[in-house]
Structures are given as C-alpha cells and as structure tokens.
Amino acid sequence: MSHSFLSPPLAVRRALILLWLISAPVLCLIYLKIEPSPDQAQFDYMGWLATQGYPFYAGSFDMNWPGAMLLHETAVRLFGPVLWAWHLTDFLLMQLATLAAALFLWRSGFRLAPFVALVLYPPVYVTAGGWMAGQRDIVAMGLLIIACCAMLAPMRRELPAMILAGVLVGCAVLIRPTYLSVLAGLMILEAVPRAWVAQPRRHGVLARIAAPAAGFALVILATVLWALAVGNLDDWHQQSVQFTAQVYYDKPPMDLIQTIVVLFTRWWHWMTLCGGIGLALWILRDRGLRYPLLLVIGLGLAILMSYFVQRKGFGYHIAGFLPLLVMLTAVALDQGFARMRGARSPGVRKLIGAAAIAMTALVVLGIGAKVAKDSRLLSDIRQNGISPIIGSYDIPAADQVKMVEIIRNESTPEDRVLQYGTSYQVPYLAQRLPPHRFITPAIELMTPDFTLYAPWMAEIRAGLQEHPPKFVLIGAKAITRTEAGILAPAEAQAPVLTELLSYVGNGYEMRMQGEFGILFERVSQ
C-alpha cells in the first residue's frame, strides 16, 4: 500500500496550520490574563532585583538552580517589571517547544500527528492552570523536547545537532537539576548497537556520546564562569546544596501516589486515554521500541524520577507529561485515520473510522471545554488591557492595587519594602528593594543546628537596622493573635518572623489590614 495513500490530505494539514496561526494570538491573550503563581511572582521579583544589581543568591535567597531565574530576568529586561512579562516570554518558549514536538513527530515518520500536536499543545498548555503552565518542570520539559528533536536531525547535521541537544539538556538541568537523567539516557541510547534502535548514524559511538556531553559541559562551564564573575557561586552552594540537603529536603507535604492518580484519572483523563492508545499504536507501527519512541518513553521515565527524587508530591512536578500526552494523542489520531484508510475490509474500515472519529470528538470536546472556560478572561481586556486578572493568590485584587499605589506614592526608590509571605507581586510592581536577601518564608525551615543559622540570622538583623523598611507586609497565613491581642507567628518554629514582629513593634503602625494580612508603615526614624 503506497505511503501517499496513507498520508492525510494536504488540505487537512494546511487547515491545521491555519488553525494554529489563528488561535495563537487568542491563546496568548488568555494566557496573559492569567495571574502568575506565587512561584512565578517570586522569580519575577528576583529577576527585577537582578536588573538592579542584586544577583541571585547573593542578593535574593532561593534554593532553586538559576535557570528559571535567568528566564524571568530575561522577561523583565524585555518587557519591564509588569505582571504579564513572564507569561508572554513563556508563551513564546512554549510555541518553540510546540514546533519542536511537531518536527519530532514528522521525523518519526508521522504525517498527520505533527499538525495535530501543533494545534493541540498550545491550548492544553494555556489552560493547564496557574500552577502548571509556566512552572519550572514543564518549561524544562519544553527544552528537553527540543533536545530530543535535535537528536533526530538528518545525518548530515548529526554531530552539531547532538551538541545542541546537550546544550538544551544543560539549560533544562539549570531549571530542574533532577533532569540530569536525560543526558545519561541520550548517551546510553547512542552507545547501544544501532540495530537495536533502528537509528543509523554517520559517526562512531565515541563521537556520538561525546557530542551531547560536550554541549552539556559548555552550559555548565558558562554558568560557573558567570557565577564566578558575579561572585555568587558560594552563595549558590550554601542555598541550593547545603540548605536543600540539610533543611529543605524533608517529609513530603503531599501524598506522592495520590497526586499521580488524581492528575491522570481526573485532570488529564481524556489525554491519558488517547495517549495510551497512541503509545500502543506507535509500538504496533514500529513493531517494537525504536529510537524516537524510546526518546519519548525516556522523557516519561525522567519525569517520574524527578518527581520522586523531589519528594514533594506537587502536581506541577509531573506537568512535563502534558506535552508527551499531547504527542501520543496526536499519534493516536494519526494512526487511527491511517489504519482506517489502509483497511481492506469495509466493515473494518467503518469500525476503525468510528473509533478515530470518537477520539477526535473526545479531543475537541476536552480542549474546547477548557478553552471556553478560560475565554471569559478576554472580557477584561477592554477595561484593563493585557494586565492579568489578579486576586487569585493570597491578596484580593482591590487590596493589592491599593497597596502598590500607597507604596509607590508614599515612598521613594531608595526606600526599602519588606514582604513576608508569598505576595511578591507587591514589591515587584512597586519596584522597591528589600532590606535583606531572605525574601522567601522557606528560610523559616532552618533550625539552630543548621550550619548557617547564626550568620544568616545576624545578616537579617543587620539588614533591618541598616535599611529600615518604609513598609512591611506580613501575610495573614503567617501570623495569629494571642489571647492578649499580641501578634505572634502562626508556626512554633519561625525565627525570622519572630525577629520581624519584634522589630515592627517599635516605630511602626498598621497602615492597612485585611484578609491578606497587615501592611505596616514606619512612622519614626
């Protein structure tokens, strides 16, 4: 049976490309209207601080590796300190990953799946939720998909493409270091006999193993040299290695298995079903596990390994499965219609066609419902432009607007603002520096037996004394009132907050109070 007979009509592929182009600006506007998560707001703030001469780690505390922070800093430098800066940057990155996923499927021998993935992934991504889209794991997976696409480059561009793949894996590791397993997987696949994976190569095994390793090493070397030039390599080690190993890596806050079950059976149920069918049909088409499918399976295993190594149970830690499920769903539709066209029996053709149409309807209804639900955000454009609809996290919209206005109008750029909690968007939008670098309440996890407890606490006290903040915002979740009406930390172990409450007890008064917490203002020098 000829390949052209099994290929989808050219008109179908052109229609899908047109749909992708038409939907892109609409989906982009929807994504811009979604409020950044607290994690994203924190990296926005850190990115802005970096533009003011306060580099990551040395000027702002966090345990993560610098990849995501550098991306957020890039967004701030491109678009300014606005709430939509990261989502616009991330949308462009996502579209690059979408193109790479489509090219990956094309290089894998599919002729309809690339165009289905092109249309399907952007709406799936945009409607994934504020704690999925734009978070570190799914952003890193986009880079890894581009890397895997490079591994399927034509043989005439083999080694440069493999070096590029290593560079992209290095960038993904800088975002989520647990994805180092992908580099090992790529090197193992290049080391096995070619007959096992049916992927011919021009160069020898040593050159093929060395190429991605060299690209990866270039990224790591460049990052280390950058850190040495900035002077924050030791600070990175203290926060990302010592603090994480001794303090942060603790009992999972959520059930690891339950999170997986809920996501795959409730949130992603239709994609899980279609993706499972796509995986089975891909194996049947290839009569086994060939190189491209092994790359997809390897990415899935890397996601699971990363998820269990992190030991947190957060759903966004397995968000990398979303692009993989979209690709496998696209394969299911591709192979379903291809088998329908290739069936010799009219009865079999009708049966397969009905199944393919049913899957298509499921995909259209599944993503259509999600887009329709989020499209309501577009009605706010006339009133507020592309600024996100705020108020989803920690602080009501009206309070946030009022607070930012107070800080900007009643302080100078030289005045400091201290935010304790997760409302990072307030000092970010107000464009005010903190009195010290410990801007995240994760610092409260340390106890006196931690190696750096004493010097860090001393640094916090010194920062408050040397740069007394004009305003102090304390989130409602962090504080409580005793029977005597005195403010106290909600948690028993909160040395930084205890220090802060003692500090604002002299020379500060409440300027605003509400369900978000309390905004204090300094009234004496």
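This is a predicted model: local features need pLDDT of at least 70, side-chain atom pairs count only at pLDDT 80 or more; totals for chains, interfaces and linings use all residues.
Biologist: Is threonine 89 buried or exposed?

Modeller: Threonine 89 belongs to helix H5, which spans residues 85-107. Buried means under 20% relative accessible area, and because threonine 89 has a relative accessibility of 10%, this residue counts as buried.

Biologist: Which residues is threonine 89 in contact with, leaving aside its neighbours within four places in sequence?

Modeller: Contact here means heavy atoms within 4.5 Å. With those sequence neighbours left aside, the contacts of threonine 89 are Ala75 and Phe79.

Biologist: What kind of aromatic pair do phenylalanine 79 and tryptophan 84 form?

Modeller: The structure holds 22 aromatic pairs, and in the one formed by phenylalanine 79 and tryptophan 84 the ring centres are 5.8 Å apart with 50° between the planes. Planes under 30 degrees apart would count as stacked and those over 60 as edge-to-face, so the rest are tilted. Phenylalanine 79 is partly exposed at 29% relative accessibility, whereas tryptophan 84 is buried at 17%. The pair of phenylalanine 79 and tryptophan 84 is therefore classed, by its angle of 50°, as tilted.

Biologist: Which residues form one aromatic cluster with Trp456?

Modeller: The cluster that includes Trp456 is made up of aromatic residues.

Biologist: Where does the charged end of arginine 285 sit?

Modeller: A charge over a ring also occurs at arginine 201, whose charged end lies 5.1 Å from the ring centre of tyrosine 291. For arginine 285, the charged end is 4.0 Å from the centre of the ring over which it sits, that of phenylalanine 110.

Methods: Residues are numbered from 1 along each chain as its sequence is written. Side-chain values use heavy atoms; hydrogens and water are left out. Helices (H or I, at least four residues) and strands (E, at least two) are DSSP runs, numbered from the N terminus. Buried means under 20% relative accessible area, exposed over 50%, partly exposed in between (1.4 Å probe, protein chains only). Rings of Phe, Tyr and Trp (its six-membered ring) pair if their centres lie within 6.5 Å; planes under 30 degrees apart count as stacked, over 60 as edge-to-face and the rest as tilted. A charge sits over a ring if NZ of Lys or CZ of Arg is within 6 Å of the ring centre and within 35 degrees of the ring normal.
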